[in-house]
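Welcome! Here is a friendly tour for anyone meeting this structure for the first time.

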Amino acid sequence: MQPAVVPGLDHAWVVDVVRRTLSEDLGGDPGRDVTSQATIAVSSGAVAHLVARQAGVVAGLVVVHEVVAQVSARFGLGQVTVELDVQDGTRVEAGRRLAVLTGPVQVLLMAERSLLNLASRASGVATATRAWADRLDGTGATVLDTRKTTPGLRALEKYAVRAGGGTNKRMGLYDVAMVKDNHVVAAGSVTAAVAAVREAFPDVLVQVEADTLDQALEAVAAGATFLLLDNMPTDVLAATVAAVRAGEATTGRIELEATGNLTLDRAAEVARTGVDYMSVGGLTHSAPILDLALDLVAR
């Protein structure tokens, strides 16, 4: 069977993260599963159902095939066929079957925890994101993620944000310049920091963090077209948005993002200030997993 095409994820990245995940669990490459290899015949086959034990939004199912394929290759065992019942981004109820896996029992059990860890983590992020996307539906604001991700799993977690209805802000330090308070201190001012970035990297978008109205207006005057309005009380945020919007006839459109101290309970209130985005680190750093299980079934 040919490797599955992974939509929205770089296939080489998936291959690498699955390899590292399996080596962590099996103790090397190929490694071993002392329980399964001792108790189950190599020739034994089975059918397993991947099921959701909780209601939520699923994501990460696109890596399942790669996990079982790598286990089969490591140990020279037969292939597992994977038939997905749902696609990533689907909202499911508890008990919903997500996929059917058919193949050698040893492969299924050696792959079980790795595929569950990846899919459960991604599904938890997608579920948390969907809660925000639903709350912001119709407000004109969009929920963004941050770089507060699990080391080594950023691509998967940001993919899960997209599956849950959110938008990725930036993938890392390399693709967007974000001038924050420490950069301002180091450069001497917002204006100096923005100018330095534009001179060194003229091809990248420059975003500027502002804690006050004055900082926001200084950033706009320096040429910033994207502001992070950080930890502002709602009244201050509303006043800052209004002031920036009032100058857009001269400056052009400025994208505005609220960040810091955001909760679902405040989402509608913050959206009413007129911001374009809300960035929520909790989508990735605090989302609980969605409980998934792989159950062998009688033939």
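The largest cavity holds about 40 Å³ of space. A cavity here is a set of points on a 1 Å grid over the protein atoms alone where a 1.4 Å probe fits but cannot get out; points are joined across faces, edges and corners, and the volume is the space filled by probe spheres set on them. A search of the whole structure finds one cavity of 30 Å³ or more.

Its lining residues (those with an atom within 4 Å of a point) include Leu-229, Asn-231, Met-232, Ala-258 and Arg-266. Strand S10 (255-259) and helix H11 (264-271) are the elements that give two or more residues to this lining. Helices (H or I, at least four residues) and strands (E, at least two) are DSSP runs, numbered from the N terminus.

Asn-231 sits in the loop between strand S9 (226-230) and helix H9 (234-246).

## About the model

This is a predicted model, in which local features need pLDDT of at least 70 and side-chain atom pairs count only at pLDDT 80 or more, while totals for chains, interfaces and linings use all residues. Residues are numbered from 1 along each chain as its sequence is written, and side-chain values use heavy atoms, leaving out hydrogens and water.

## The sheet

Six strands form an open sheet in the order S6-S11-S10-S9-S8-S7, with parallel pairing (two strands pair if DSSP finds at least two bridges between them). Strands S6 (142-144) and S7 (176-179) stand at the edges with a single partner strand each, so one side of each has no neighbour in the sheet. From one strand to the next, the twist averages 25 degrees.

S6 is joined to strand S11 (residues 277-279) by three bridges, and Leu-144 stands opposite Ser-279 in S11. Helix H4 (residues 105-136) lies across S6 and S11, running at about 155 degrees to S6. Axes are lines fitted to C-alpha atoms, for helices over the stretch in contact, and angles run from 0 to 180 degrees between N-to-C directions.

Helix H3 (residues 64-75) packs against H4 at about 145 degrees, with the axes 9 Å apart.

Elsewhere, the peptide bond from Asp-29 to Pro-30 is cis, with omega near 15 degrees. Pro-30 lies in the loop between helix H1 (11-26) and helix H2 (34-39).

Definitions and conventions:
Contact means heavy atoms within 4.5 Å. On a 1 Å grid over the protein atoms alone, a cavity is a set of points where a 1.4 Å probe fits but cannot get out, and a pocket is an open set with protein on both sides within 12 Å along at least five of seven lines; lining residues have an atom within 4 Å of a point.
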